[in-house]
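Here are my notes for someone opening this one for the first time. Have a look at the model, then read on.

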Amino acid sequence: MEIILAMVIGILGGSGVWLVLRPRTFQVLMGLSLLSYAVNLFIFAMGSLSLDKEPIVRPGLVPNLENYTDPLPQALVLTAIVIGFATSALFLVVLLASRGLSDTDHVDGEERE
Amino acid sequence: MRSLIEWLMPHLIIAPILLPMGTAVIMLLLGDTRRPLKAVVNVVSCLLGLFIAGALVYWAQKMGGPQAVGVYLPSNWPIPYGIVLVVDRLSAMMLLLSSILGLGGLLFAVARWHKAGVHFHPLFQLQLMGLNGAFLTADLFNLFVFFEIMLTASYGLLLHGSGWPRVRSGLHYIAVNLLASSMFLIGVAILYGVTGTLNLADMAIMVPAISEGDRGLLHAGAAILAIAFLVKAGAWPLNFWLAPAYSAASAPVGALFAIMTKLGVYSVLRVWTLLFPNDAGVSALFGGPALVWIGIATLTFGAIGVIATQHLSRMASFCVIVSSGTLMAALGFGQPGVTGGALYYALGSTLAISAFFLLIELVERSREEDEKPAYVSELDMDDPFGYPVDLMPTRDVNLDDDENELIGQAIPAAMAFLGLAFIACVLTMAGLPPFSGFVGKFVMLTALLNPSGVDSPAGPSVAAWTLMALLIGAGLLTTIALSRAGSRYFWAPQNRPAPRLRVIESLPIGAMLVLVAVLVWQADPILRYTNAAARGLHDPKEYIGTVISTKPVPSPTASGEGGLRR
């Protein structure tokens with residue numbers, strides 16, 4: 001499970017970085033989104049990776065990380081997703097404004113020859 | 001005053017967050033129209049915010065005890081589980097600074113800029129809320145949330161007034177900051193993974209006890225987090241977005257943005273001094289030398305930028321970079337004496353840069369008036385996103401016999417005011433006497449020359465010598481560049497009609513420059529204050545102890561007979 005998660009984070013992060021460095025605004029947006037997925041998974045991985053465990057305390061089960069998964073990273077990821085979603089939407093609006101004003105989707109607003 | 005603050009504490013600590021939030025909500029409910037009403041609400045809220053920040057500074061100085069750490073538990077959860085707000089001397093000082101800049105920028109904007117687009121007022125208040133929250137929070141993830149609030153509002157404010165330069169630099173600005181936010185989250189996640197907590201004070205306790213195997217990870221996490229802060233602070237080489245964005249922003253927004261780079265520096269200082277103080281064992285002052293050299297590189301970059309550019313607003317942006325480079329380099333030494341001087345320098349330079357952003361607008365406008373007619377509506381028609389400013393008198397404005405706008409009539413001293421304000425800004429930013437930039441730099445240089453007290457034989461290090469040379473060199477370059485620009489703008493033109501100044505636009509500039517003068521006049525008490533703040537930062541035991549020992553307020557039912565009904 002660790003290996004799969006690490007690979008997923010690596011692939012998402014790598015693709016994200018590559019796309020962010022591309023010259024088209026939409027590619028940059030996709031790259032930023034992929035990066036934020038990678039980051040969200042990374043926050044999960046920093047809590048504790050465990051199967052079939054829930055973060056809510058049940059009666060009769062000692063509340064420690066042996067029996068439960070860490071609830072804090074889940075809360076953090078939730079907040080990060082919401083914020084990332086909002087800022088990406090805002091970026092999309094500016095992207096469209098830039099496209100409308102410059103008639104190109106190059107990040108600098110002008111094509112390199 | 002004293003009894004009022006006593007009565008309001010500790011709830012006064014959360015007021016700088018709640019007040020702008022409440023104001024923003026009210027103004028959003030008012031809708032797109034009713035701008036005069038919103039302007040009044042906004043100004044009243046800013047005045048109230050200024051008063052609250054002043055009260056917090058007063059509390060920190062007079063009533064907070066030797067280290068003055070005020071703790072507030074917003075949801076009354078026990079530390080370290082709940083979120084915490086902490087005010088100390090540094091936070092209170094930064095709050096005061098941001099509310100002064102907020103009020104100044106707002107008064108300037110009310111003259112006309114707030115009509116250039118919708119939702120200026122709510123965004124302005126949300127930006128203040130994000131700034132104040134980030135200055136107050138003592139919790140890493142909350143810091144992230146407040147950073148995002150501030151940034152999201154700043155995206156909107158940067159685009160305020162629209163136009164291609166703003167959209168173009170806004171696109172870059174947003175992309176860079178989204179990337180920085182990802183770095184922020186990675187750093188926070190690593191630090192959480194290593195220490196198991198997000199509360200900064202709790203984390204500071206964990207750091208010396210980290211196992212050797214995890215220490216590399218801790219350092220990596222802190223370094224990644226620092227990158228996120230340094231992007232905001234405008235550190236070279238992460239600052240190529242800054243000059244286009246700040247110079248494209250409208251004047252009042254630029255004036256408020258002057259404190260955003262200081263927020264980056266503040267965050268570095270806060271987290272760094274808490275996690276890696278002098279006595280943190282293996283990790284003591286981790287990254288300090290790197291911070292010094294990054295600051296030196298930033299300072300160099302900014303100084304070269306100032307002299308290489310011709311445009312006033314770009315010069316102001318590079319002055320922002322110079323100022324934040326100076327701060328980073330000075331703080332990186334980890335000496336309370338240098339830090340105290342740097343904090344004092346930060347106050348004066350931020351005020352001067354903010355006033356400069358406002359001043360540039362007036363100077364450029366006075367220059368534009370003789371080059372083209374004051375009526376710019378044709379321009380608007382050609383370019384729908386152009387400069388949508390109404391220079392024509394509005395209907396409810398009083399006109400005199402010649403049908404000239406009464407409030408906009410030239411006062412004879414207008415040009416003199418612009419020129420003198422320009423000189424005052426330049427002297428402060430370049431660090432020349434008699435203004436506060438000089439005093440700040442002098443204190444920093446003195447502390448750098450005597451790293452361990454006046455009597456000690458130990459000399460300054462290579463980095464300290466470099467910084468000293470650069471502080472003076474950057475001052476020289478700034479003076480050259482700005483006096484060149486000043487003579488071009490103020491002395492070269494002939495037969496120019498006197499500029500038209502409005503009182504409401506000149507007032508913030510004048511007030512900020514008076515404050516810069518007050519900084520010099522009252523240099524002794526203010527330096528005592530910043531030095532006390534610096535000592536508190538570099539010896540954070542008191543801060544940590546106060547935060548950790550704060551107990552939640554017992555709830556009335558839990559302490560009673562039938563408490564905790566389940």
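1. Start where the chains meet: 26 residues of chain A and 23 residues of chain B make up the contact, two residues being in contact if their C-beta atoms, placed from the backbone, lie within 7 Å. On chain B's side, the elements giving two or more residues are helix H6 (140-158) and helix H7 (164-195). H7(B) gives the most, with 16 residues. (Helices are DSSP runs of H or I with at least four residues, strands are runs of E with at least two, and both are numbered from the N terminus.)

2. A word on what you're looking at. This is a predicted model, where local features need pLDDT of at least 70 and side-chain atom pairs count only at pLDDT 80 or more, while totals for chains, interfaces and linings use all residues. Residues are numbered from 1 along each chain as its sequence is written, with chains lettered from A and ligands numbered from 1 in the order in which they are written.

3. Now chain B as a whole: it has 22 helices and two strands. Among its contacts between residues at least 6 apart in sequence, 79% join residues at least 24 apart. Of its 566 residues, 55% count as buried, meaning 20 or more other C-beta atoms, placed from the backbone, lie within 10 Å of the residue's own.

4. Which residues touch the most other members of the largest nonpolar core? They are Leu56(B), Ala355(B), Phe356(B) and Leu359(B), out of 229 residues. Such a core is a set of buried Ala, Val, Leu, Ile, Met, Phe, Trp, Tyr and Cys residues joined through C-beta atoms within 7 Å. Leaving out residues up to four places away in sequence, Leu56(B) touches Leu12(B), Val87(B), Ala92(B) and Leu95(B).

Terms used:
A residue is buried if 20 or more other C-beta atoms lie within 10 Å of its own, exposed if 12 or fewer, and partly exposed in between; C-beta atoms are placed from the backbone.
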